[in-house]
Amino acid sequence: MQDRQGLRGPGTVVLALLALPLLWDAGGWDMALAEHMGGPTGFALKGNWWLTHVLHDRARQLAWALGLLLCLGVAWPVGPLRRMPFARRLQLALSGLLATGMVALVKSGSHTSCPWDLAAFGGVARYQSHWLGWLQADGGAGRCFPAGHASAGFAFVAGWFALRRDLPRLATLWLVLAVVAGLVLGLAQQLRGAHFMSHTLWTAWICAAVGWAVDFAFAHMRMNLQGAAA
């Protein structure tokens with residue numbers, strides 16, 4: 001019963017957060033914001049060294065290194081991980097991987113192209129809603145929705161669900177850092193012309209939803225095991 005009650009609050013918040021990307025889509029603000037960062041000749045910061053090598057390449061490598069450490073921590077916990085039971089350490093590592101995988105899966109089936117591929121910014125593709133990306137191609141390279149790179153930060157949002165019961169203070173810090181990292185990485189890609197803001201917002205929501213779904217699955221299995229042992 002306690003686990004069920006503990007799932008309802010976060011689940012309600014995740015559902016409520018769905019309003020953010022939906023409102024952004026309804027407002028049609030993607031192109032308006034992108035036009036402040038690029039023009040007919042493209043995006044001036046597309047090849048910027050800091051955005052490309054630091055906030056893209058190195059940030060992605062750092063995210064995978066942290067993910068690997070969390071996987072190793074399932075069997076060989078260190079520091080705060082020692083205060084978590086095995087199942088929650090497994091949830092912590094698995095939720096981030098699944099969040100990244102879900103974003104990649106959605107992205108692989110989309111024909112939506114990146115801003116730098118659009119005719120408005122010197123490319124060849126036509127602008128269309130990303131919701132049409134599964135129905136028809138826009139004339140560009142596609143596979144740009146949602147934002148894969150932002151998931152290098154937002155995927156760790158899923159870890160909050162695993163940390164919140166045993167390490168609530170760390171969970172709060174973890175959540176704040178994951179959200180900030182995701183937004184910074186998403187903005188960096190937007191400045192380069194690699195993504196629209198909606199791509200970043202949907203990535204954030206997908207990662208949060210996956211985190212809650214994994215938490216729900218682990219809680220359900222735990223209750224079943226407890227019921228079987230009773």
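Me: Is tryptophan 131 buried, exposed or partly exposed, and what is its relative accessible area?

Reply: Buried means under 20% relative accessible area, exposed means over 50%, and partly exposed lies in between, with a 1.4 Å probe and protein chains only. Tryptophan 131 is partly exposed, because its relative accessible area is 42%. Tryptophan 134, at 34%, is partly exposed as well. This is a predicted model, in which local features need pLDDT of at least 70 and side-chain atom pairs count only at pLDDT 80 or more, whereas totals for chains, interfaces and linings use all residues. Residues are numbered from 1 along each chain as its sequence is written, and side-chain values use heavy atoms, with hydrogens and water left out.

Me: How many aromatic pairs does the structure hold?

Reply: Rings of Phe, Tyr and Trp (its six-membered ring) pair if their centres lie within 6.5 Å; planes under 30 degrees apart count as stacked, over 60 as edge-to-face and the rest as tilted. The structure holds 12 such pairs. One of them joins phenylalanine 43 and phenylalanine 121, which are tilted, with 4.8 Å centre to centre and 40° between the planes. This pair links distant parts of the chain, 78 residues apart: phenylalanine 43 is in the loop between helix H3 (30-34) and helix H4 (49-75), and phenylalanine 121 is in the loop between helix H5 (86-108) and helix H6 (151-154). Both phenylalanine 43 and phenylalanine 121 are buried. Tryptophan 131 and tryptophan 134 also form a tilted pair, at 6.2 Å centre to centre and 35° between the planes. Ring pairs link Trp131, Trp134, Phe145, Trp202 and Trp205 into a cluster.

Me: Over which ring does the charged end of lysine 46 sit?

Reply: A charge sits over a ring if NZ of Lys or CZ of Arg is within 6 Å of the ring centre and within 35 degrees of the ring normal. The charged end of lysine 46 sits over the ring of tryptophan 116, 4.6 Å from its centre.

Me: Which side chain does arginine 164 join through a polar contact?

Reply: A polar contact is a pair of N or O atoms within 3.5 Å; within protein, one must be able to donate a hydrogen and the other to accept it, and residues adjacent in sequence count only if both atoms are side-chain atoms. The side chain of arginine 164 meets that of aspartate 215 in a polar contact of 2.9 Å. Arginine 164 lies in the loop between helix H7 (159-163) and helix H8 (168-192), and it counts as buried at 17% relative accessibility.

Me: Which cysteines form a disulfide?

Reply: A disulfide is a pair of cysteine sulfur atoms within 2.5 Å. By this rule the count is one disulfide, formed by cysteine 114 and cysteine 144, with their sulfur atoms 2.1 Å apart. The torsion about the S-S bond is about 110°, so this disulfide is right-handed. Both cysteine 114 and cysteine 144 lie in the loop between H5 and H6, so the pair ties together parts that are 30 residues apart in sequence. Cysteine 114 is buried at 11% relative accessible area, and cysteine 144 is buried at 1%.

Me: How many helices and strands does the protein have?

Reply: Helices (H or I, at least four residues) and strands (E, at least two) are DSSP runs, numbered from the N terminus. The protein comes to nine helices and zero strands. Buried residues make up 45% of its 230 residues.

Me: Which peptide bond is cis, and what is its omega?

Reply: Most residues other than glycine have a negative phi, and most peptide bonds are trans. The bond from phenylalanine 145 to proline 146 is cis, with omega near -5°, and proline 146 lies in the loop between H5 and H6. Arginine 143, also placed in the loop between H5 and H6, has a positive phi, near 55°. Arginine 143 is exposed, with a relative accessible area of 56%.
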